[in-house]
Each structure stands twice: as structure tokens, then as C-alpha cells.
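Here is a short note to read alongside the model. Please keep the structure open while you go through the points.

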Amino acid sequence: MAIVLDINGLSKRYGNIQALDALTLQVEEGSIYGLLGPNGSGKTTTLGMVLDVIRPGGGSFSWFGSSVSKTTKQRIGALLETPNFYPYLTAKRNLQMVAHIKGADSASINRVLDLVGLGTRSNTPFKSFSLGMKQRLAIGAAMLNDPEVLVLDEPTNGLDPQGIAEVRDLILRIAAQGKTIILASHLLDEVEKVCTHMAVLRSGKLMANGSVGDMLAAQEQLFICAAALEPVLALLERLPYVAQFRPEKEGVLLTLSEGYTSQDINRDMFAQDIVLSQLIVRRKSLEAQFMEIIKN
Ligand SMILES: Nc1ncnc2c1ncn2[C@@H]1O[C@H](COP(=O)(O)OP(=O)(O)OP(=O)(O)O)[C@@H](O)[C@H]1O
């Protein structure tokens, strides 16, 4: 997969505050990349720098293999803060004004209104929209030039559950068109539900990154019990795909190497005449991992 955004040792300091500390990461084409971290962890600073609105203190980045320029910027749509639309103008009229400023084709307005689910509300004044509709219109404005990449900062902030669901749905719809999406969020749930990849930031430092699937799968734990634990422990010692195990209460807690599942354990125990009385798959939640990551 082509690399859309390549960040290398990017740093930014504000007085005594190290807002970002040598961040290195790559965003692949077609991914939905979540920058996850608590407030003040450096997410907005990162997005601001790669969008060329904040000057980097150190390090570098490139878009589509080139340094940032007018041409690369035309390939990126961004929504860093809620834009000011004209309250008394309709959704369509507001988009026409944005299209004019951006030099976007006016034919793209109807396409974008349909994309964000406001096609039937195009003649409604902006002021009568719900917050979720306003946010979708803002995302639509960012999509006017049909960019390859969409960058969003906290896209569901302040929305009610329905608004959140609609915006998440929209993000997935845009990604399904083959666009790359980079979004900052302090909500683990959002990143888990929407993103394919994620980077966890804390105090400007990268704490972990990778595919969301890998981060989930890597932490599958099993809890097993049998009438006698000694033969279980002896066998676990010998099974090459058992990454870790430790006796706990009446059973054993274990993690397996990638690619192995509870079925493998069950089969191998049974082959040694060990009948498991319990086999529980405990997926360590991403939330528990996230809390651990930002705590350590
Ligand atoms: N213009 C600025 N001047 C001084 N300090 C700043 C400035 N912008 C950000 N900071 C500080 O840099 C750190 C990172 O801020 P940043 O806004 O990037 O974090 P964030 O993860 O986006 O958090 P939030 O979601 O609260 O915006 C914070 O400590 C913040 O107070």
C-alpha cells in the first residue's frame, strides 16, 4: 500500500510544554487512521503541523511522497474546527460559497449534499439544522474538491448519540469510496468502531501504534480449568504456541501466539486425555489496554 502521510520525528514545543515529541508514523492509503489520546496529548498540534497551519519545531513530514505544497493541499480535505456557515442561508447556498472560495466545481455541491445525507435538506437554512447535520455539512464542505484524504479533528465532539452515529456512518461511507481518513479523537470507543489503524499519544509522545485489529487480537486471553492442574501446566510448558501462562484461582490464565485460538488448546489438551471443565476467552478490551498505555 502506498504511504499517504509520512511523519518523521515531528516535534513542537510551546514554551515549557513539549506539545509533540519526535512523532514518527506512517498512514497508508485507504486506511482510517485514528490519533487517540487524552486532552492535551498533542493531537491537534500534529494535525495543525501536517496541514501547514502550525510551524513544526523539528522533524519532517511528507504527503504522497512530497513536501507540503499547493498541489498536495488540493488533495487533502480538512476540518480542524467547526466552520462558520451563514445561519440564514440554506445548506446549498453555504456550500456554493465554500465551493467558490475553494474553486471547486459547482456540480460537486449536489454530490456532496447526497454523500452527507443532506440531499433532501439542501434548501433548509443552516440555523435550523441539528448539531449533527451541521457537522455533516462541514464534512461535506471539506469534501468539495473530492480530496483523496480527509483530516478531521474530534469529528463527533458535542454531538448527541444519533448525531455521533450519523457522523461515524458518514466517515465509513467516505472511506468506502477509497479515501484515506485521518482523525483525532479522545474517545477510544470512536477509534475502535471507526478506525483501521491507530496511534496512541500521551503528553506529546507516541505510546503505541498499529492496526486496530492487531491491537485487539494481540491481547486475547484464555482462562482454563481442569480437575487436576499439574498435567495442564506440564502440557502448557511444552506447547510452543503458548506465549504466557500463570495459575490463577482454580485455573490457568494464558495468552497464545498470533494465529492460534482456544480451539488449538482444547484439541491439544484433549489429545493428552485432559478434559477442560472450563475454557473462557477473555478479550482484554482495548479500553483496558488504552488505560494501561496512557498510565505507564
Ligand atoms: N498555541 C499554543 N500555545 C501554548 N500551548 C499550546 C498551544 N497549543 C497547544 N498547546 C499545548 O500543547 C499541548 C498539546 O495540545 P493539543 O491541542 O495538540 O492537544 P490535543 O491532544 O489536541 O488536546 P485537545 O483535544 O484538548 O485539543 C497541550 O498541553 C496544550 O496546552
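**Notes on the ligand shell, a helix pair and the domains**

1. In this predicted model, the ligand is surrounded by Tyr-14, Ile-17, Ala-19, Gly-37, Asn-39, Gly-40, Ser-41, Gly-42, Lys-43, Thr-44, Thr-45 and His-186. Sorted by class, this shell around the ligand has 8 polar, 3 nonpolar and 1 charged residues.

2. Which elements each supply at least two residues of that shell? They are strand 2, covering 17-28, and helix 1, covering 43-50, and it is helix 1 that gives the largest share, with 3 residues.

3. A separate feature to examine is the packing of helix 3, residues 91-102, with helix 5, residues 131-142, whose axes lie 10 Å apart and meet at an angle of about 30°. Angles under 35 degrees count as roughly parallel, and helix 3 and helix 5 are therefore roughly parallel to each other. Their crossing is right-handed.

4. On the side of helix 3, the contact is made by Ala-91, Asn-94, Leu-95 and Val-98, while helix 5 contributes Leu-137, Gly-140 and Ala-141. In terms of class, the contact of helix 3 with helix 5 has 5 nonpolar and 2 polar residues, and no charged residues.

5. As for the chain as a whole, the domain assignment gives domain 1, which spans 3-216, and domain 2, which spans 218-295. How many Å apart do the C-alpha centres of domain 1 and domain 2 lie? The separation between these two centres is 40 Å.

How values were computed: Residues numbered from 1 in each chain as written. Predicted model: local features only at pLDDT ≥ 70, side-chain atom pairs only at ≥ 80, totals over all residues. Domains from an automatic or database assignment. Axes fitted to C-alpha atoms, helices over the stretch in contact; angles between N-to-C directions. Helix = DSSP H or I, 4+ residues; strand = E, 2+ residues; numbered from the N terminus. Parallel < 35°, antiparallel > 145°, perpendicular 65-115°, else oblique. Left-handed = near helix turned anticlockwise from the far one by under 90°. Contact = placed C-beta atoms within 7 Å. Nonpolar A, V, L, I, M, F, W, Y, C, P; charged D, E, K, R; others polar. Near = placed C-beta within 6 Å.
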